[in-house]
Amino acid sequence: MISSKLLSAIALVSLVIQNSSLILILRHSRTIPGPRYYTTTAVLLSELIKLTISFFILLQTQRCSKSEIFTLLFGPESLWVKLTYPAILYTVQNNLQYVAATLLDAATFQVTYQMKILTTAVFSVIMLGKVLSAWKWISLIILTAGIALVQLPDSTPDKEEHDSKGGTGSQFLGLMVVGIACCLSGLAGVYFEKILKKSPPRTPYSSLTSNSPPPKPSLWVRNTQLSLFSSIIALILGVIILDGRSISEHGFFYGYTPWTWAAITCQAVGGLIVAVVVKYADNILKGFATSVSIILSSVASVWLFDFQISWTFAGGAGMVILATYMYGMQDAPSLSTKGEGTKNGLITVSQKDDQELRSMTPPIVIRRDSVELGHGNGEGRQRQGHEYAPSPPPGRSATAVSLAAGYRQEP
């Protein structure tokens, strides 16, 4: 059986490759000679691929009947109507990614797109009432300064020649597109998280059996719902309404090349890779993977697109990498407990506890915030919008159930 460490390494390497290659492939597919494909058709195909993969994994993991699967997806407690809102936001965001890749060089796009960390944090504070530590606010300030530094004009002769040919106007438009895409990404992600917290509570461990489906919709249920609704929206709003006349004249696959299919596939599997990374790795390693991706895409842009790395770009990119790593760092977790065997002390999470909770079925998703646990009732508790683990099942330690594997699943 593959160990969790090996799965974590595989997931992180996959994330680095996907993050680095997506921007480069998007840029190349939009700038190669020849007619340009319609971005609306690419987004539709990407969502259909995600839908197929998510639904396949759902069938393999849920082990439910057809009627139960339908209830999970469209039942009265499935919240499928509310999921149409983030589906619209994600569909528009994905289309804007293609537009931004057309207007901006890959390196600038990669660095600037990290502004989604800032927008997600702001929407989390506004919509979820989340309290950010001073450390995270400092990282957001560094992130903003780094992105601003990357946008400073360069006074090199090549840059001046590029600006004289209209490069400044296209870059400004590209930055506006990236800014809108980051806002949509942050809003959709936080709204999706809010929906997840309103899902039906977990069933106590005592009532679970090895053959019973998870009482709470899994991440793959939500991914299936999002992909389905995004596909419908991409078809109606994008393919039919926006580009319907042009597509009927030139064809659905007009301008498609092998690079187009590579961009579609890379974008489709990106979200699924992130889900795996969140499950088997922590935010620090995820931030490290993002930082490596920025470096790789910048270096590759020099070789592939004759991009020139200026001192301002290098300094700004370095600040963004530092801020990404800082923001992903967990605040020091501490837990005040009132269970048996504790005396007003702090419980430290051990590696053994972490591995113990990771091996549980169904998995427990909690936040590594300071919480006060109650034992004995077998029911999970919620406070201030945070989701906590239920009391431990027989043979499991309270420490493991309370603290270990506190990695939140992100949409």
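## Gly255 and its surroundings

Leaving aside its neighbours within four places in sequence, Gly255 is in contact with Pro35, Arg36, Tyr37 and Thr260, where contact means heavy atoms within 4.5 Å. Gly255 has its place in the loop between helix H11 (244-250) and helix H12 (258-280), the helices being DSSP runs (H or I, at least four residues) and the strands likewise (E, at least two), numbered from the N terminus. At 17% relative accessibility Gly255 counts as buried; buried means under 20% relative accessible area, exposed over 50%, and partly exposed in between (1.4 Å probe, protein chains only). The C-alpha atoms of Gly255 and Gly34 are 7.2 Å apart in space, although these two residues are 221 residues apart in sequence.

## Basis of the model

This is a predicted model, in which local features need pLDDT of at least 70 and side-chain atom pairs count only at pLDDT 80 or more, while totals for chains, interfaces and linings use all residues. Residues are numbered from 1 along each chain as its sequence is written, and side-chain values use heavy atoms, with hydrogens and water left out.

## The chain as a whole

The chain has 16 helices and 4 strands, and buried residues make up 47% of its 411 residues. Of the contacts in the chain with a separation of 6 or more, 82% are accounted for by residues 24 or more positions apart.

Two packed helices are described by the angle between their axes and the distance between the axes. Here the axes are lines fitted to C-alpha atoms, for helices over the stretch in contact, and the angles run from 0 to 180 degrees between N-to-C directions. The axes of helix H2 (residues 39-62) and helix H10 (residues 219-242) come within 8 Å and cross at roughly 160°, which makes H2 roughly antiparallel to H10; angles under 35 degrees count as roughly parallel, over 145 as roughly antiparallel, 65 to 115 as roughly perpendicular and the rest as oblique. The crossing of H2 and H10 is left-handed, a term for a near helix turned anticlockwise from the far one by less than a right angle, with right-handed used if the turn is clockwise. By class, the contact of H2 with H10 has 14 nonpolar, 11 polar and 2 charged residues, where Ala, Val, Leu, Ile, Met, Phe, Trp, Tyr, Cys and Pro count as nonpolar, Asp, Glu, Lys and Arg as charged, and the others, Gly among them, as polar.

The axes of H2 and helix H3 (residues 66-74) come within 12 Å and cross at roughly 120°, which makes H2 oblique to H3. The crossing of H2 and H3 is right-handed, and the contact is made by Phe55, Leu58, Leu59 and Gln62 of H2 together with Ile69, Leu72 and Leu73 of H3. The residues of this contact divide into 6 nonpolar, 1 polar and no charged. H3 also packs with H10, at an angle of about 70° and with their axes 9 Å apart, which makes H3 roughly perpendicular to H10. The crossing of H3 and H10 is right-handed. Leu72, Leu73 and Phe74 in H3 meet Val221, Thr224, Gln225, Leu228 and Phe229 in H10, and by class this contact has 6 nonpolar, 2 polar and no charged residues.

## Thr102 in H4

Thr102 is found in helix H4 (residues 84-103) and, at 14% relative accessibility, counts as buried. A polar atom of the Thr102 side chain lies 2.8 Å from the backbone oxygen of Tyr98. Not counting residues up to four places away in sequence, Thr102 touches Arg27, Arg30 and Arg36; Arg36 is also one of the residues in contact with Gly255.

Asp306 lies in the loop between helix H13 (283-305) and helix H14 (311-328) and is exposed, with a relative accessible area of 65%. Phi of Asp306 is near 55°, a positive value in a residue other than glycine.

Met319 is found in helix H14 and counts as partly exposed at 27% relative accessibility. Leaving aside neighbours within four places in sequence, Met319 is in contact with Ile142, Ala145, Gly146 and Leu149. The C-alpha atoms of Met319 and Leu149 are separated by 9.0 Å, and these residues are 170 residues apart along the chain.

Terms used. Polar contact = N/O pair within 3.5 Å; in protein donor to acceptor, adjacent residues only side chain to side chain.
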